[in-house]
Amino acid sequence: MNGVFQSLEESRKANGACALALIDPDVKNDLILTDLVNRVVDANFDAILVGGSLIMDNGFEDRISRIRQNSSLPVIIFPGSSRQLSANADAVLFLSLLSGRNPQYLIGEQVESAPIIYHIGLEAISTGYILLDGGVKSSVQVMSNTNPLPVEKEDIILAHALAGQYMGMKVIFLESGSGAESVISKSLLSLLKSKLSIPIIAGGGITSAEFANDLVTAGADYLVIGNLLEKCDDPYKLKEITRVIHHRRSAN
Ligand code: 1GP
């Protein structure tokens, strides 16, 4: 049987790129959780990422189960820490925060989570996580106590991404931070796409189909949409975003 990452890669190759919905499993989303999942399913996302920088209660496991019950899409944990793990998920992004120099997020959390991941049999998707300056101080920056990379330092960002690739990571995640004001430039994505042989996930501040189209055209293989799911009550807008992400399918 195909693993989650392999299945997503097959979809990506067939459709041009993949749309990943990010659901924050925090208590603040408790009452709207089922609505959020319904929006994701209606809008043709390819998978659901679940995670957050900080969860203010002990409802993580329960919310993963509720997401699972309301959708057949793959559920992939996008953990804010080694405490965000669940046997009810299909996979976990096994992140290393390469842009920072905080050993806790380079290897510490990974060592704490590895035996649990082994025990519950989760698929671990090795991910080089690179925090970029999105123009606002992000939760990732605050919680990880690391600085984001300046977006104009394209050679330095490339060096981090290549380091992730040479360390054997399966994918590079360019994170501008949830609600980012300035988002990844097309020139940066084009540069990384031309040098890397592993896929690129981009996320943070994606709120329009036009911008999503720019990013996939420049080379993003997976786009993550979080905030917009919570704010947008226009199903057409979400569908339009996934339609441009699935540009090869749209073209057929
Ligand atoms: C944050 O990249 C994700 O980790 C999604 O960002 O909430 O701005 O869509 P948004």
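Biologist: How much space lies in the second largest pocket?

Modeller: About 200 Å³ of space lies in the second largest pocket. This is a predicted model, in which local features need pLDDT of at least 70 and side-chain atom pairs count only at pLDDT 80 or more, while totals for chains, interfaces and linings use all residues. Residues are numbered from 1 along each chain as its sequence is written, and side-chain values use heavy atoms, with hydrogens and water left out.

Biologist: What is a pocket, and which residues lie nearest the centre of the second largest pocket?

Modeller: On a 1 Å grid over the protein atoms alone, a pocket is an open set of points where a 1.4 Å probe fits, with protein on both sides within 12 Å along at least five of seven lines, and lining residues have an atom within 4 Å of a point. A volume is the space filled by probe spheres set on the points, which are joined across faces, edges and corners. Here 13 residues line the second largest pocket, and Ser53, Ile55, Ser81, Arg83 and Gln84 lie nearest its centre.

Biologist: Where does the ligand sit?

Modeller: A molecule sits in a pocket if more than half of its atoms lie within 2 Å of its grid points, and the ligand sits in the largest pocket, whose volume is about 920 Å³.

Biologist: Which polar atoms lie by the oxygen atoms of the ligand?

Modeller: For a polar contact, one looks for a pair of N or O atoms within 3.5 Å. A polar side-chain atom of serine 178 lies 2.6 Å from a ligand oxygen atom, whereas polar backbone atoms of glycine 204 and glycine 226 lie 3.0 Å and 2.8 Å from an oxygen atom of the ligand.

Terms used:
Polar contact = N/O pair within 3.5 Å; in protein donor to acceptor, adjacent residues only side chain to side chain.
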